[in-house]
Amino acid sequence: MRKILIVGAGQSGLQLALGLQTRGYEVTLMSNRTADEIRSGRVMSTQCMFHTALQHERDLQINFWESQAPKIEGLGVSVAAPDSSRAIDWVGKLDGYAQSVDQRVKMAGWMETFAQRGGQLVIHGAAVSDLDYFSRTYDLVMVSAGKGELVSMFGRDASRSPYDAPQRALAVAYVHGLGPRPEHPDFEAVRCNLVPGVGELFVMPTLTTSGRADILFWEGIPGGPLDVFKGVKDPSEHLSLTLELMEKFLPWEYARATKVELTDANGTLAGRYAPTVRNPIGRLPGGGLVLGVADVVVANDPVTGQGSNSASKCAASYLSSITSHGDKPFDEAWMRSTFDRYWDTAQHVTKWTNAMLGVPPEHVLNLIGAAGGLQPVADRFANGFNDPSDFENFFYDPEKTSAYLSSVTGA
(Lines give C-alpha, C1' and ligand atoms only; values in the text may rest on other atoms or scores of the structure.)
Protein backbone atom coordinates (compact mmCIF):
# COMPACT_ATOMS: atom_id res chain seq x y z
CA MET A 1 0.00 0.00 0.00
CA ARG A 2 1.49 3.33 -1.06
CA LYS A 3 1.90 5.95 1.69
CA ILE A 4 0.98 9.55 0.94
CA LEU A 5 1.26 12.62 3.17
CA ILE A 6 -0.91 15.69 2.55
CA VAL A 7 -0.13 18.88 4.46
CA GLY A 8 -3.09 21.24 4.67
CA ALA A 9 -6.78 20.53 5.29
CA GLY A 10 -8.58 22.88 2.93
CA GLN A 11 -10.77 22.11 -0.08
CA SER A 12 -7.99 20.52 -2.13
CA GLY A 13 -6.14 18.71 0.65
CA LEU A 14 -9.23 17.12 2.18
CA GLN A 15 -10.88 16.27 -1.15
CA LEU A 16 -7.66 14.61 -2.28
CA ALA A 17 -7.21 12.79 1.04
CA LEU A 18 -10.75 11.42 0.98
CA GLY A 19 -10.40 10.41 -2.68
CA LEU A 20 -7.13 8.57 -2.13
CA GLN A 21 -8.52 6.94 1.00
CA THR A 22 -11.40 5.40 -0.93
CA ARG A 23 -8.90 4.00 -3.46
CA GLY A 24 -6.90 2.14 -0.86
CA TYR A 25 -3.94 4.46 -0.28
CA GLU A 26 -2.51 4.89 3.19
CA VAL A 27 -3.06 8.62 3.71
CA THR A 28 -1.80 10.89 6.47
CA LEU A 29 -3.30 14.37 6.67
CA MET A 30 -1.62 17.16 8.61
CA SER A 31 -3.65 20.15 9.79
CA ASN A 32 -2.64 23.00 12.07
CA ARG A 33 -6.16 23.01 13.59
CA THR A 34 -8.65 20.44 14.84
CA ALA A 35 -12.11 20.08 13.32
CA ASP A 36 -13.64 21.84 16.34
CA GLU A 37 -11.18 24.71 16.05
CA ILE A 38 -12.05 25.13 12.37
CA ARG A 39 -15.79 24.97 13.03
CA SER A 40 -15.65 27.62 15.76
CA GLY A 41 -13.01 29.78 14.05
CA ARG A 42 -13.07 32.67 11.62
CA VAL A 43 -14.64 32.42 8.17
CA MET A 44 -12.02 31.54 5.55
CA SER A 45 -13.47 32.35 2.14
CA THR A 46 -16.59 32.90 0.03
CA GLN A 47 -16.34 29.54 -1.81
CA CYS A 48 -19.11 29.71 -4.41
CA MET A 49 -18.65 26.46 -6.32
CA PHE A 50 -20.04 25.85 -9.78
CA HIS A 51 -21.27 22.66 -11.45
CA THR A 52 -17.97 20.99 -12.48
CA ALA A 53 -16.38 21.47 -9.05
CA LEU A 54 -19.52 20.28 -7.28
CA GLN A 55 -19.59 17.20 -9.50
CA HIS A 56 -16.10 16.24 -8.30
CA GLU A 57 -17.52 16.17 -4.76
CA ARG A 58 -20.51 14.13 -5.90
CA ASP A 59 -18.20 11.65 -7.62
CA LEU A 60 -16.51 11.00 -4.26
CA GLN A 61 -19.87 10.99 -2.41
CA ILE A 62 -18.71 13.76 -0.08
CA ASN A 63 -21.41 16.28 -1.07
CA PHE A 64 -22.89 16.02 2.43
CA TRP A 65 -24.53 19.47 2.48
CA GLU A 66 -25.97 19.60 -1.04
CA SER A 67 -29.58 19.23 0.09
CA GLN A 68 -29.20 21.97 2.73
CA ALA A 69 -27.23 24.65 0.86
CA PRO A 70 -29.10 27.22 -1.27
CA LYS A 71 -29.20 26.32 -4.96
CA ILE A 72 -27.72 29.26 -6.86
CA GLU A 73 -29.39 29.26 -10.27
CA GLY A 74 -27.98 32.42 -11.81
CA LEU A 75 -25.27 35.03 -11.87
CA GLY A 76 -26.16 38.70 -12.16
CA VAL A 77 -24.02 41.66 -13.16
CA SER A 78 -24.77 45.27 -12.26
CA VAL A 79 -22.59 48.25 -13.16
CA ALA A 80 -22.88 51.46 -11.17
CA ALA A 81 -23.15 54.78 -13.02
CA PRO A 82 -21.43 57.91 -11.64
CA ASP A 83 -24.70 58.94 -9.95
CA SER A 84 -24.92 55.51 -8.23
CA SER A 85 -27.80 54.34 -10.41
CA ARG A 86 -27.54 51.07 -12.35
CA ALA A 87 -26.10 51.66 -15.81
CA ILE A 88 -26.20 47.92 -16.54
CA ASP A 89 -28.24 45.23 -14.80
CA TRP A 90 -28.85 41.65 -15.92
CA VAL A 91 -28.81 38.07 -14.72
CA GLY A 92 -27.64 34.99 -16.60
CA LYS A 93 -28.98 31.50 -15.91
CA LEU A 94 -26.57 28.73 -14.99
CA ASP A 95 -26.86 25.39 -16.80
CA GLY A 96 -26.20 23.62 -13.49
CA TYR A 97 -26.72 25.25 -10.12
CA ALA A 98 -23.88 26.53 -7.93
CA GLN A 99 -23.59 26.32 -4.14
CA SER A 100 -21.62 27.88 -1.31
CA VAL A 101 -20.96 25.96 1.92
CA ASP A 102 -19.02 27.81 4.63
CA GLN A 103 -15.61 26.14 4.77
CA ARG A 104 -15.89 25.98 8.55
CA VAL A 105 -18.80 23.57 8.06
CA LYS A 106 -17.31 21.61 5.18
CA MET A 107 -13.67 21.28 6.27
CA ALA A 108 -14.60 20.31 9.83
CA GLY A 109 -17.08 17.71 8.54
CA TRP A 110 -14.69 16.29 5.97
CA MET A 111 -11.86 16.10 8.51
CA GLU A 112 -14.03 14.12 10.90
CA THR A 113 -15.11 11.82 8.06
CA PHE A 114 -11.48 11.20 7.06
CA ALA A 115 -10.61 10.20 10.63
CA GLN A 116 -13.74 8.06 11.05
CA ARG A 117 -12.80 6.15 7.88
CA GLY A 118 -9.44 5.24 9.39
CA GLY A 119 -7.26 8.02 8.01
CA GLN A 120 -4.33 9.20 10.07
CA LEU A 121 -4.97 12.80 11.11
CA VAL A 122 -2.07 14.69 12.63
CA ILE A 123 -2.75 18.08 14.25
CA HIS A 124 0.53 19.90 13.79
CA GLY A 125 1.70 23.07 12.05
CA ALA A 126 4.26 21.53 9.71
CA ALA A 127 7.61 23.21 9.03
CA VAL A 128 10.08 22.54 6.22
CA SER A 129 12.20 20.52 8.67
CA ASP A 130 9.24 18.21 9.34
CA LEU A 131 8.77 17.57 5.64
CA ASP A 132 12.48 16.87 5.26
CA TYR A 133 12.02 13.98 7.69
CA PHE A 134 8.68 12.76 6.31
CA SER A 135 9.86 12.76 2.68
CA ARG A 136 12.02 9.76 3.54
CA THR A 137 9.11 7.76 4.96
CA TYR A 138 6.33 8.52 2.44
CA ASP A 139 6.08 7.67 -1.24
CA LEU A 140 4.66 11.13 -1.96
CA VAL A 141 4.38 14.38 0.02
CA MET A 142 1.97 17.10 -1.15
CA VAL A 143 1.57 20.59 0.28
CA SER A 144 -1.90 22.15 0.06
CA ALA A 145 -1.50 24.75 2.82
CA GLY A 146 -1.45 28.02 0.90
CA LYS A 147 0.16 30.27 3.51
CA GLY A 148 3.24 30.40 5.72
CA GLU A 149 6.75 29.02 5.59
CA LEU A 150 5.96 26.02 3.41
CA VAL A 151 4.88 28.17 0.46
CA SER A 152 8.35 29.73 0.33
CA MET A 153 9.66 26.40 -1.01
CA PHE A 154 7.80 27.02 -4.26
CA GLY A 155 9.46 29.76 -6.28
CA ARG A 156 7.37 32.38 -8.10
CA ASP A 157 6.94 31.79 -11.84
CA ALA A 158 7.40 35.33 -13.15
CA SER A 159 6.37 34.38 -16.69
CA ARG A 160 2.89 33.43 -15.43
CA SER A 161 2.58 36.07 -12.67
CA PRO A 162 2.07 39.56 -14.14
CA TYR A 163 1.34 41.14 -10.75
CA ASP A 164 3.86 41.39 -7.91
CA ALA A 165 1.49 43.20 -5.52
CA PRO A 166 -2.12 42.73 -4.38
CA GLN A 167 -4.65 44.10 -6.87
CA ARG A 168 -7.60 44.21 -4.47
CA ALA A 169 -8.22 44.78 -0.76
CA LEU A 170 -10.67 42.10 0.37
CA ALA A 171 -13.42 42.35 2.99
CA VAL A 172 -16.00 39.64 3.73
CA ALA A 173 -19.05 39.64 6.03
CA TYR A 174 -21.44 36.72 6.59
CA VAL A 175 -24.92 38.01 7.46
CA HIS A 176 -28.47 36.99 8.29
CA GLY A 177 -31.44 39.15 7.37
CA LEU A 178 -30.63 40.18 3.79
CA GLY A 179 -33.76 40.76 1.75
CA PRO A 180 -34.29 39.45 -1.81
CA ARG A 181 -33.69 41.44 -4.96
CA PRO A 182 -37.23 42.79 -5.62
CA GLU A 183 -36.96 42.18 -9.37
CA HIS A 184 -36.14 38.47 -8.78
CA PRO A 185 -37.56 37.69 -5.31
CA ASP A 186 -37.56 33.89 -5.69
CA PHE A 187 -34.40 33.47 -7.75
CA GLU A 188 -31.15 32.65 -5.95
CA ALA A 189 -28.18 34.22 -7.70
CA VAL A 190 -24.68 35.50 -7.13
CA ARG A 191 -24.71 39.25 -7.69
CA CYS A 192 -21.58 40.89 -9.11
CA ASN A 193 -21.76 44.66 -8.65
CA LEU A 194 -19.07 46.61 -10.47
CA VAL A 195 -18.12 50.16 -9.46
CA PRO A 196 -15.74 51.40 -12.18
CA GLY A 197 -12.44 52.65 -10.82
CA VAL A 198 -13.43 51.70 -7.27
CA GLY A 199 -13.95 47.93 -7.01
CA GLU A 200 -16.61 45.23 -6.78
CA LEU A 201 -19.22 43.92 -4.35
CA PHE A 202 -20.28 40.28 -4.56
CA VAL A 203 -23.42 39.10 -2.80
CA MET A 204 -24.14 35.38 -2.56
CA PRO A 205 -26.30 32.96 -0.57
CA THR A 206 -24.48 30.39 1.53
CA LEU A 207 -24.92 27.68 4.16
CA THR A 208 -23.06 28.53 7.36
CA THR A 209 -22.82 27.13 10.89
CA SER A 210 -26.15 28.77 11.78
CA GLY A 211 -28.03 27.82 8.60
CA ARG A 212 -28.79 29.83 5.48
CA ALA A 213 -27.01 33.18 5.23
CA ASP A 214 -25.63 35.63 2.71
CA ILE A 215 -22.09 36.82 2.05
CA LEU A 216 -21.25 40.48 1.40
CA PHE A 217 -17.82 40.61 -0.22
CA TRP A 218 -16.08 43.85 -1.15
CA GLU A 219 -13.05 43.87 -3.45
CA GLY A 220 -11.49 47.33 -3.38
CA ILE A 221 -8.78 48.78 -5.59
CA PRO A 222 -5.84 49.40 -3.21
CA GLY A 223 -5.64 52.99 -2.03
CA GLY A 224 -9.23 53.68 -3.13
CA PRO A 225 -12.40 54.38 -1.14
CA LEU A 226 -13.03 50.68 -0.42
CA ASP A 227 -9.55 50.12 1.02
CA VAL A 228 -10.59 50.93 4.60
CA PHE A 229 -10.72 47.57 6.39
CA LYS A 230 -7.08 47.12 7.31
CA GLY A 231 -6.67 47.16 11.08
CA VAL A 232 -10.42 46.87 11.76
CA LYS A 233 -10.69 44.24 14.51
CA ASP A 234 -14.24 44.80 15.75
CA PRO A 235 -16.71 42.68 13.71
CA SER A 236 -19.54 45.21 14.18
CA GLU A 237 -17.31 48.00 12.88
CA HIS A 238 -16.43 45.81 9.89
CA LEU A 239 -20.13 45.32 9.12
CA SER A 240 -20.89 49.03 9.57
CA LEU A 241 -18.16 49.92 7.09
CA THR A 242 -19.48 47.32 4.65
CA LEU A 243 -22.96 48.81 4.80
CA GLU A 244 -21.79 52.44 4.59
CA LEU A 245 -19.94 51.64 1.38
CA MET A 246 -22.97 49.81 -0.01
CA GLU A 247 -25.17 52.82 0.73
CA LYS A 248 -22.73 55.16 -0.99
CA PHE A 249 -21.85 53.15 -4.09
CA LEU A 250 -24.59 50.52 -4.54
CA PRO A 251 -27.86 51.82 -3.06
CA TRP A 252 -29.92 49.05 -4.71
CA GLU A 253 -27.97 46.43 -2.72
CA TYR A 254 -28.01 48.54 0.44
CA ALA A 255 -31.82 48.80 0.24
CA ARG A 256 -32.14 45.07 1.04
CA ALA A 257 -29.40 45.08 3.67
CA THR A 258 -30.79 47.56 6.21
CA LYS A 259 -31.74 44.81 8.68
CA VAL A 260 -28.73 42.51 8.38
CA GLU A 261 -26.68 41.29 11.30
CA LEU A 262 -23.54 39.18 11.41
CA THR A 263 -24.04 35.43 11.55
CA ASP A 264 -21.49 35.18 14.37
CA ALA A 265 -18.56 37.01 15.94
CA ASN A 266 -16.17 35.24 13.53
CA GLY A 267 -18.21 36.07 10.43
CA THR A 268 -15.83 38.70 9.02
CA LEU A 269 -12.53 38.53 7.17
CA ALA A 270 -10.20 41.10 5.60
CA GLY A 271 -6.86 40.88 3.82
CA ARG A 272 -5.06 41.00 0.48
CA TYR A 273 -2.54 38.97 -1.48
CA ALA A 274 -0.75 39.14 -4.81
CA PRO A 275 -2.02 36.71 -7.48
CA THR A 276 0.88 34.32 -8.05
CA VAL A 277 1.73 31.19 -10.03
CA ARG A 278 4.59 29.20 -8.51
CA ASN A 279 6.91 26.40 -9.47
CA PRO A 280 4.97 23.24 -8.53
CA ILE A 281 7.95 21.36 -7.07
CA GLY A 282 9.48 22.22 -3.71
CA ARG A 283 13.00 21.06 -2.87
CA LEU A 284 13.77 20.08 0.69
CA PRO A 285 17.17 20.61 2.37
CA GLY A 286 17.78 16.85 2.39
CA GLY A 287 17.13 16.52 -1.33
CA GLY A 288 13.54 15.31 -1.19
CA LEU A 289 10.81 16.73 -3.40
CA VAL A 290 7.27 17.82 -2.52
CA LEU A 291 4.41 18.66 -4.87
CA GLY A 292 2.38 21.84 -4.44
CA VAL A 293 -1.40 21.64 -4.65
CA ALA A 294 -4.06 24.18 -5.71
CA ASP A 295 -3.47 27.73 -4.43
CA VAL A 296 0.00 26.84 -3.17
CA VAL A 297 1.02 26.87 -6.83
CA VAL A 298 -1.78 28.81 -8.57
CA ALA A 299 -3.24 31.57 -6.39
CA ASN A 300 -5.69 33.85 -8.21
CA ASP A 301 -7.49 36.90 -6.86
CA PRO A 302 -11.06 35.96 -5.83
CA VAL A 303 -12.58 38.56 -8.19
CA THR A 304 -13.82 35.72 -10.44
CA GLY A 305 -14.82 33.40 -7.60
CA GLN A 306 -12.57 30.57 -8.73
CA GLY A 307 -10.60 29.63 -5.60
CA SER A 308 -12.62 26.67 -4.34
CA ASN A 309 -13.48 25.64 -7.90
CA SER A 310 -9.80 25.52 -8.83
CA ALA A 311 -8.98 23.63 -5.62
CA SER A 312 -11.61 21.01 -6.42
CA LYS A 313 -10.44 20.68 -10.02
CA CYS A 314 -6.80 20.42 -8.92
CA ALA A 315 -7.62 17.69 -6.40
CA ALA A 316 -9.56 15.74 -9.04
CA SER A 317 -6.74 16.10 -11.57
CA TYR A 318 -4.05 15.05 -9.08
CA LEU A 319 -6.16 12.11 -7.89
CA SER A 320 -6.36 10.84 -11.47
CA SER A 321 -2.62 11.33 -12.02
CA ILE A 322 -1.75 9.46 -8.81
CA THR A 323 -4.08 6.52 -9.32
CA SER A 324 -3.09 6.02 -12.96
CA HIS A 325 0.63 5.99 -12.07
CA GLY A 326 0.53 2.57 -10.43
CA ASP A 327 3.64 1.55 -8.50
CA LYS A 328 6.08 3.77 -10.39
CA PRO A 329 8.03 6.37 -8.38
CA PHE A 330 6.56 9.83 -7.86
CA ASP A 331 9.67 11.48 -9.24
CA GLU A 332 10.34 14.98 -10.52
CA ALA A 333 9.19 14.17 -14.07
CA TRP A 334 5.89 12.81 -12.77
CA MET A 335 5.37 15.85 -10.53
CA ARG A 336 5.99 18.18 -13.45
CA SER A 337 3.59 16.33 -15.77
CA THR A 338 0.97 16.15 -13.01
CA PHE A 339 1.05 19.91 -12.56
CA ASP A 340 1.10 20.51 -16.32
CA ARG A 341 -2.06 18.44 -16.65
CA TYR A 342 -3.76 20.64 -14.04
CA TRP A 343 -2.35 23.81 -15.63
CA ASP A 344 -4.22 22.92 -18.85
CA THR A 345 -7.34 23.90 -16.88
CA ALA A 346 -5.88 26.43 -14.46
CA GLN A 347 -4.30 28.63 -17.13
CA HIS A 348 -7.75 29.73 -18.32
CA VAL A 349 -8.71 30.76 -14.79
CA THR A 350 -5.51 32.75 -14.35
CA LYS A 351 -5.83 34.51 -17.70
CA TRP A 352 -9.47 35.46 -17.11
CA THR A 353 -8.95 36.55 -13.50
CA ASN A 354 -5.96 38.72 -14.33
CA ALA A 355 -7.96 40.29 -17.17
CA MET A 356 -10.83 41.12 -14.80
CA LEU A 357 -8.43 42.86 -12.41
CA GLY A 358 -7.48 45.41 -15.06
CA VAL A 359 -9.44 48.23 -16.66
CA PRO A 360 -11.87 46.52 -19.06
CA PRO A 361 -11.27 47.35 -22.73
CA GLU A 362 -14.06 48.76 -24.85
CA HIS A 363 -15.07 45.45 -26.42
CA VAL A 364 -15.53 43.86 -22.98
CA LEU A 365 -17.69 46.78 -21.86
CA ASN A 366 -19.73 46.31 -25.05
CA LEU A 367 -20.12 42.60 -24.27
CA ILE A 368 -21.27 43.22 -20.69
CA GLY A 369 -23.63 45.92 -21.89
CA ALA A 370 -25.06 43.74 -24.66
CA ALA A 371 -25.89 41.01 -22.14
CA GLY A 372 -28.54 43.32 -20.73
CA GLY A 373 -30.59 42.96 -23.90
CA LEU A 374 -29.46 39.58 -25.17
CA GLN A 375 -30.23 36.72 -22.77
CA PRO A 376 -27.98 34.19 -24.57
CA VAL A 377 -25.00 36.52 -23.95
CA ALA A 378 -25.88 36.86 -20.27
CA ASP A 379 -26.24 33.08 -19.95
CA ARG A 380 -22.94 32.37 -21.69
CA PHE A 381 -21.05 34.87 -19.52
CA ALA A 382 -22.59 33.37 -16.38
CA ASN A 383 -21.63 29.82 -17.39
CA GLY A 384 -18.06 30.95 -18.01
CA PHE A 385 -17.69 30.92 -14.23
CA ASN A 386 -18.06 27.14 -14.44
CA ASP A 387 -15.85 26.73 -17.53
CA PRO A 388 -13.50 29.72 -17.93
CA SER A 389 -11.89 28.16 -21.01
CA ASP A 390 -14.94 29.33 -23.00
CA PHE A 391 -13.87 32.97 -22.60
CA GLU A 392 -11.18 32.27 -25.21
CA ASN A 393 -13.97 32.04 -27.77
CA PHE A 394 -15.68 35.39 -27.22
CA PHE A 395 -14.09 37.55 -24.49
CA TYR A 396 -10.43 38.51 -25.00
CA ASP A 397 -10.24 39.30 -28.70
CA PRO A 398 -12.28 42.28 -30.01
CA GLU A 399 -12.90 40.54 -33.34
CA LYS A 400 -14.18 37.37 -31.66
CA THR A 401 -16.40 39.45 -29.38
CA SER A 402 -17.83 41.36 -32.33
CA ALA A 403 -18.40 38.19 -34.35
CA TYR A 404 -20.12 36.51 -31.38
CA LEU A 405 -22.43 39.46 -30.71
CA SER A 406 -23.27 39.64 -34.44
CA SER A 407 -24.13 35.95 -34.47
CA VAL A 408 -26.48 36.36 -31.50
CA THR A 409 -28.22 39.47 -32.84
CA GLY A 410 -28.47 37.85 -36.28
CA ALA A 411 -30.07 34.76 -34.77
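Which residues does M153 touch, not counting residues up to four places away in sequence?

Modeller: This is a predicted model, in which local features need pLDDT of at least 70 and side-chain atom pairs count only at pLDDT 80 or more, while totals for chains, interfaces and linings use all residues. Residues are numbered from 1 along each chain as its sequence is written, and side-chain values use heavy atoms, with hydrogens and water left out.

Leaving aside residues up to four places away in sequence, M153 touches V128, L131, V143, I281, G282, R283, L284 and V290, contact meaning heavy atoms within 4.5 Å. M153 and L131 are also among the residues that touch the most other members of the largest nonpolar core, which has 62 residues. Such a core is a set of buried (under 20% relative accessible area, 1.4 Å probe, protein chains only) Ala, Val, Leu, Ile, Met, Phe, Trp, Tyr and Cys residues joined through side-chain atoms within 4.5 Å. Another core, of 41 residues, lies apart from it and includes I88 and F395.

Several of these contacts belong to paired strands. Strands are DSSP runs (E, at least two residues), numbered from the N terminus, and two of them pair if DSSP finds at least two bridges between them. Strand 15 (residues 281-283) runs antiparallel to strand 16, joined by three bridges, and R283 has L289 as its bridge partner in strand 16. Five residues lie between the strands of this hairpin, where G287 takes a positive phi near 100°. Strand 16 (residues 289-292) also pairs with strand 7 (residues 140-143), in the parallel sense and over two bridges; there V143 stands opposite G292.

Notes
Helices (H or I, at least four residues) and strands (E, at least two) are DSSP runs, numbered from the N terminus. Buried means under 20% relative accessible area, exposed over 50%, partly exposed in between (1.4 Å probe, protein chains only).
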